[in-house]
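Subject: Structure handover

Hello,

Here is the structure you asked for. My notes on it follow below.

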Amino acid sequence: MGAEITIGELAELMQVSVHQIRYFEEKGVLLPSYTDTNQYRKYGIDQIYQLSQIILLRKLGMPVQAVKECMAESGQQVMEEKLHRSLVEIGGEIARLQLLEQFILKVLQEQGDFQMEKQSCQVKMREAMPLQKWFEMDSAATLDARTLAEQSVRVNALSETDIHYIYDRTNTVSLYTAVEPGGEVGRVLPAGEYLSCRLQVTDESVLKEEIGQFSRYAEQEYGELPGPLVLIEKSYLSLFSRDKLHYEILLCIESGDATGGADAR
DNA sequence: TTTCTTACA
DNA sequence: TGTAAGGA
């Protein structure tokens with residue numbers, strides 16, 4: 001037998017790494033045709049076909065363990081079932097990547113908006129926004145580590161979500177996040193016209209001051225408004241400027257639906 | 001030079 | 001999976 005090739009040659013032929021071939025062997029997926037006296041692995045034409053099949057199955061998203069089972073059993077049923085499972089998992093992966101894509105687009109969009117609208121108020125139309133209740137706290141309190149740790153409701157990716165602070169005319173502020181999968185809608189901010197102001201602040205006192213200023217401006221321009229003041233914290237924008245928190249303050253001027261009631265005129 | 005084993009990021 | 005060490 002002189003037709004066999006070395007691991008290096010096989011790797012070159014099949015465009016995979018030598019390490020990967022040894023890994024397949026360790027997992028019992030691909031054994032050499034024989035081992036030479038000098039411990040060198042030797043591979044024949046059968047192994048070449050086997051390896052190409054292994055590579056194909058791996059490319060189809062099948063785990064090495066499942067590939068092993070396929071190679072061992074080689075039944076139609078088994079193959080069909082495993083490919084089906086690969087399909088499901090790939091579907092999940094696609095969904096995960098799409099969420100990531102959406103998030104990146106949103107971050108870039110918000111960042112662009114901040115560049116455009118920095119420190120100036122404007123009126124804009126907004127879609128209805130369903131929110132999930134997180135918790136409430138005293139409106140004079142500030143968010144600290146202890147408060148967050150004590151909440152029974154967990155937010156899975158704090159730095160990826162908009163945190164909505166909703167100030168009704170009470171002494172408490174309610175915190176909401178976007179509705180997470182399986183979450184319960186606790187409140188819906190109505191669609192309609194909103195007065196909006198975006199700002200970046202380094203410390204809390206500035207934020208309080210800005211909110212006060214915003215409220216006074218709103219009252220002066222639009223009179224007493226029925227809706228709550230909404231403060232949205234976009235912590236992911238700190239990616240662009242460290243140490244600064246990015247906020248948008250919103251106040252509904254005229255809602256498109258019945259909730260909150262149309263006023264002024 | 002190539003491959004082997006083993007260990008590690 | 002890739003990379004590195006140290007020996008055959």
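M125 stands opposite E193 in strand 8. This is a predicted model, so please read every distance and angle below as computed from it.

The sheet

Strand 3 and strand 8 are paired in the antiparallel sense, with six bridges between them. Strand 8 is also joined to strand 10, through ten bridges, and these two run antiparallel as well. Strand 8 is mostly covered, with nine of its ten residues buried.

These strands belong to an open sheet of eight strands, paired antiparallel in the order 3-8-10-9-5-6-4-7. Which strands stand at the edges? They are strand 3 (121–126) and strand 7 (187–189); each has a single partner strand, so one side of each is left without a neighbour in the sheet. On average, and ignoring direction, neighbouring strands are turned by 35° against each other.

Further along the order, strand 5 (residues 162–167) and strand 6 (residues 172–178) run antiparallel and are joined by four bridges. I166 has S174 in strand 6 as its bridge partner.

Helix 5 (residues 76–117) touches strand 3, strand 5, strand 8 (192–201), strand 9 and strand 10, and its direction makes about 85° with that of strand 8. Helix 7 (residues 204–222) touches strand 3, strand 8, strand 9 and strand 10. The direction of helix 7 makes about 155° with that of strand 8.

Two buried residues

S86 lies in helix 5. Is this residue buried or exposed? S86 counts as buried because its relative accessibility is 4%, and the cut-off for buried is under 20%. The side chain of S86 reaches the backbone oxygen of L60 at 3.5 Å. Apart from neighbours within four places in sequence, S86 is in contact with L60, G61 and M62.

Y236 is in the loop between strand 9 (229–234) and strand 10 (245–255). Y236 has a relative accessible area of 2% and is therefore buried. Setting aside neighbours within four places in sequence, the contacts of Y236 are F103, K106, V107, E110, S159, E160, T161 and D162. For a distance across the model, Y236 and E150 are 86 residues apart in sequence and 23 Å apart in space, C-alpha to C-alpha.

DNA strand B

Which residues are around DNA strand B? They are T6, I7, G8, R22, Q39, Y40 and R41. By class, this surface has two nonpolar, three polar and two charged residues. Of the atoms of DNA strand B within 4 Å of the protein, 80% belong to sugar or phosphate, and the rest belong to bases.

The polar contacts to phosphate oxygens of DNA strand B include these:

- T6: an N or O atom in the side chain is 2.8 Å from a phosphate oxygen of DNA strand B.
- G8: a polar backbone atom is 3.0 Å from a phosphate oxygen of DNA strand B.
- R22: an N or O atom in the side chain is 2.7 Å from a phosphate oxygen of DNA strand B.

DNA strand C

S17, H19, Q20, Y23 and R58 surround DNA strand C. Sugar and phosphate make up 50% of the atoms of DNA strand C that come within 4 Å of the protein. Helix 2 (residues 18–26) provides the largest share of the surface near DNA strand C, with three residues. By class, the surface near DNA strand C has one nonpolar, three polar and one charged residues.

Regards

Key
Residues numbered from 1 in each chain as written. Chains lettered and ligands numbered in written order. Predicted model: local features only at pLDDT ≥ 70, side-chain atom pairs only at ≥ 80, totals over all residues. Heavy atoms only, no water. Near = heavy atom within 4 Å. Nonpolar A, V, L, I, M, F, W, Y, C, P; charged D, E, K, R; others polar. Buried < 20%, exposed > 50% of the residue type's maximum accessible area, 1.4 Å probe, protein only. Contact = heavy atoms within 4.5 Å. Pairing = 2+ DSSP bridges. Axes fitted to C-alpha atoms, helices over the stretch in contact; angles between N-to-C directions. Polar contact = N/O pair within 3.5 Å; in protein donor to acceptor, adjacent residues only side chain to side chain.
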